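Please look through the sequence and the model below before reading on. The paragraphs that follow go from a pair of helices to a sheet and then to the surroundings of a ligand.

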Amino acid sequence: MDKALDATDRCVMCGMCLPHCPTYMKTGNEAESPRGRIALMQALNNGQLGPDENLTGHIESCLQCRACEAMCPALVPYGELIDAAHALLQSNNKQHLRLAELFRRAFLKHRVVRQLSGLLLIGYQRSGLQTLTRKSGALELLGLARAESIIPRQRRFRLEAGANHRPHKSQSVALFTGCVAELFEHETLAASRLLISALGYSVANAEHQCCCGALDLHAGRSPQALTLMQRNIEAFAESDFVVSSASGCGAMLLEYPDHIDNSESRTLAHKHFDISTFLLDHWNDDVQLEPLYRHVAVHSPCSLRNVLKCSQQPFELLQKIPGIDVVELPGNELCCGAAGNYMMTHPEMADSLLQDKLEHIKEHDIDTLVSSNIGCALHLQAGLRREGLDIEVVHPVTMLARQLKGNF
Ligand code: SF4
Ligand code: SF4
């Protein structure tokens, strides 16, 4: 029996969460709903069912989007339950320390490995090796075609590191850079630094920070996740504010005290803000923005909406740009299917949910899509590329920073 799964008893089986669950809406299968999964977790916990393929499949097909938790009248902590169920299932699996697993751990933990990976990626794309590999069919043979197709083109960008701004605020802001964002979101990180320094803050460099731990935690690898969390708690101990630009990481940082119950983890959760919230709270009208006449749709990541609960902030922030037309992407209440590495492990469901988003995009006259989460942005961008739609996907702070007067 796992104590963490005792909270399944709080579910009154009312079914109010069912129409909010993407996997239930797609399949109509009770076992693919929050209520059904909670019943399976209960049965697993009291020994009525074993961790067989069928049960494991229904637990693993959950996107962990937490739309069910956000609207549950009985306040069932679904996020905690699904993490506990993954951990229980994982403990039944034999762990093999293969080379890929060793690389994954080093990548999540050490910045130098991420930086080296970034350089290799640039070389792979610019040397022509990418074109060659794609044409050769080797990616299909190795089962890497889907993962490779999600990698965005490494672009050069114009944002400079806030050279015109002198810090005049005494508090320091540390930027949480994240593991995947450090590889693929250079412009978003540069934009975040630029805007924070435009507001008068110095941006501290928390050199020993690492992955937030979400990828490990949500896959049931709690010990590895706790190691990463502890490392971040120490890395950010000296900063007055911690700001993250990927809402998936932000949601994890906010919930550190649920996993490490001490004053240091609570302090980190308390001083952490999503970048859009931080910029809005500290905005200074002396910061001038050039007009931009574009039709922008805002995609709301589940982590921003259901966990950080600040999905309105990117709208408010973008509306500071004169001339911009900002609308909400229809269907924002349902997950896009990215969900961490779900887009790799469950390509069929991930693509079906993505297709709904692409249909909404095609129905509207949109020239830019913004998203505050790197995983969603990569998934949406890959879908747009496949459809041949020339629509840029960017982070809201990148749009804002590009319009900052006097930085180029
Ligand atoms: S999880 Fe909440 S909303 Fe869903 S069936 Fe249980 S009590 Fe009802
Ligand atoms: S987390 Fe999302 S996919 Fe999983 S049961 Fe809840 S609503 Fe459904």
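Helix α21 (residues 347-363) and helix α22 (residues 374-386) pack with their axes 10 Å apart and at an angle of about 70°, which makes α21 roughly perpendicular to α22 (a label for angles of 65 to 115 degrees). Axes here are lines fitted to C-alpha atoms, for helices over the stretch in contact, and angles run from 0 to 180 degrees between N-to-C directions; helices (H or I, at least four residues) and strands (E, at least two) are DSSP runs, numbered from the N terminus. Ala 350, Leu 354, Lys 357 and Leu 358 in α21 meet His 379, Leu 380, Gly 383 and Leu 384 in α22, where contact requires C-beta atoms, placed from the backbone, within 7 Å.

This is a predicted model, in which local features need pLDDT of at least 70 and side-chain atom pairs count only at pLDDT 80 or more, while totals for chains, interfaces and linings use all residues. Residues are numbered from 1 along each chain as its sequence is written, and chains are lettered from A and ligands numbered from 1 in the order in which they are written.

Elsewhere, four strands form an open sheet in the order β2-β1-β3-β4 with parallel pairing, pairing being assigned if DSSP finds at least two bridges between two strands. Its edge strands, β2 (202-204) and β4 (272-274), each pair on one side only. Strands β1 (residues 172-176) and β3 (residues 241-244) pair over four bridges, and Ala 174 stands opposite Val 242 in β3. Helix α12 (residues 186-198) packs on this sheet, touching β1, β2 and β3.

Around ligand 2 there are 14 residues, of which Cys 21, Pro 34, Cys 62, Cys 65 and Cys 68 come nearest (a residue is near if its C-beta atom, placed from the backbone, lies within 6 Å).

Note on methods
Contact = placed C-beta atoms within 7 Å. Parallel < 35°, antiparallel > 145°, perpendicular 65-115°, else oblique.
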